[in-house]
Every structure is written in C-alpha cells, then in structure tokens.
Amino acid sequence: MSTTQERTAEQELPYDVFSRACPSRGTLEHVTGRWGALTLGALYEGSFRFNELRRRVDGVSEKMLAQTLHALERDGLVHREAQPTNPPRVDYELTALGREVAGRLIALIECLEGRMDEVLASRERYDDARRTPAG
C-alpha cells in the first residue's frame with residue numbers, strides 16, 4: 001500500500017486503536033483485560049447482583065470487580081440499576097453495545113475452550129524443547 005493509500009485509509013477510520021492517543025485503546029483495555037473480559041462474559045448470561053457476579057467471576061476481588069464495573073459502565077457496555085429498596089439492590093446487565101462486544105468475546109472464549117487440548121499439547125512441546133539440553 002502506498003503512503004497516499006495509507007493516509008486515505010487512516011482518514012476513513014475515525015479511531016485507530018494502534019495510535020497512543022486514541023480513546024478506543026482504553027476501551028479495548030477495559031474489554032480485554034482479565035476481569036473485563038470475564039465480567040462481560042458472565043453478564044452475557046444475564047443480569048447479576050454484585051455478589052452474584054463476584055461469585056460467577058471466580059477469583060476477582062471486590063475492589064477489582066467494582067473498578068471493572070465502573071469502567072465498563074463509563075464505556076457504555078454495562079448498565080447499573082439501583083433499586084430504592086432497603087437494603088439497596090443493585091443489578092448489572094449489558095447494554096446493547098455491551099451485548100454485541102460480549103458476544104464476540106464469547107465466540108473467542110468458546111474457540112479457546114474448544115481448542116485447549118491443542119494449546120496444552122503445544123505448551124508441553126514448548127516446555128519439553130526448553131528443558132532439552134542443546135547438543
């Protein structure tokens with residue numbers, strides 16, 4: 001691709017995640033980070049209260065889940081609904097955009113889960129090759 005064609009392609013894209021200053025990079029980090037991806041994946045199953053979600057996303061701390069939910073809510077991927085009850089009830093669910101993004105993540109998750117035998121075999125071959133002394 002020529003430099004002119006590259007510039008034209010760049011002008012057609014309003015955002016470029018590969019550019020340091022692009023705001024899409026932050027959202028990508030929120031979505032693909034360990035807790036963001038797992039939170040979106042869990043919420044794809046339906047609405048959750050905070051502690052239900054924390055149990056579903058095994059290993060996440062209360063603090064990290066709260067930070068993750070705030071970031072995803074700010075990005076418009078998660079909707080937080082507080083019920084004026086005593087005690088207060090707060091439910092989290094995906095927005096339409098969050099559902100689209102999570103659907104793509106679920107496809108990736110299913111692909112990886114379905115191919116883990118290959119991944120584990122590859123890891124074993126890699127580790128074996130690193131343990132073998134050079135001859």
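Which residues does Leu69 touch, not counting residues up to four places away in sequence? They are Thr39, Leu43, Phe50, Leu53, Val78 and Tyr92, where a contact means heavy atoms within 4.5 Å. This is a predicted model, in which local features need pLDDT of at least 70, side-chain atom pairs count only at pLDDT 80 or more, and totals for chains, interfaces and linings use all residues. Residues are numbered from 1 along each chain as its sequence is written, and side-chain values use heavy atoms, with hydrogens and water left out.

**The nonpolar core**
- The largest nonpolar core has 21 residues, and Leu40, Leu43, Leu53, Leu69, Val78 and Tyr92 touch the most other members.
- Such a core is a set of buried Ala, Val, Leu, Ile, Met, Phe, Trp, Tyr and Cys residues joined through side-chain atoms within 4.5 Å; buried means under 20% relative accessible area with a 1.4 Å probe, protein chains only.
- H3 gives the largest share of this core, five residues.

**H3 with H6**
- The axes of H3 and H6 (lines fitted to C-alpha atoms over the stretch in contact, with angles from 0 to 180 degrees between N-to-C directions) come within 9 Å and cross at roughly 105 degrees.
- H3 and H6 are therefore roughly perpendicular, a label for angles of 65 to 115 degrees.
- Ala37, Leu40, Gly41 and Leu43 of H3 meet Arg99, Val101, Ala102, Leu105 and Ile106 of H6.

**H2 with H3**
- H2 packs against H3 at about 65 degrees, with the axes 4 Å apart.
- His30, Val31 and Thr32 in H2 meet Arg34, Gly36, Ala37 and Leu40 in H3.
- Helices here are DSSP runs (H or I, at least four residues), numbered from the N terminus.

Note on methods. Buried < 20%, exposed > 50% of the residue type's maximum accessible area, 1.4 Å probe, protein only. Helix = DSSP H or I, 4+ residues; strand = E, 2+ residues; numbered from the N terminus. Parallel < 35°, antiparallel > 145°, perpendicular 65-115°, else oblique.
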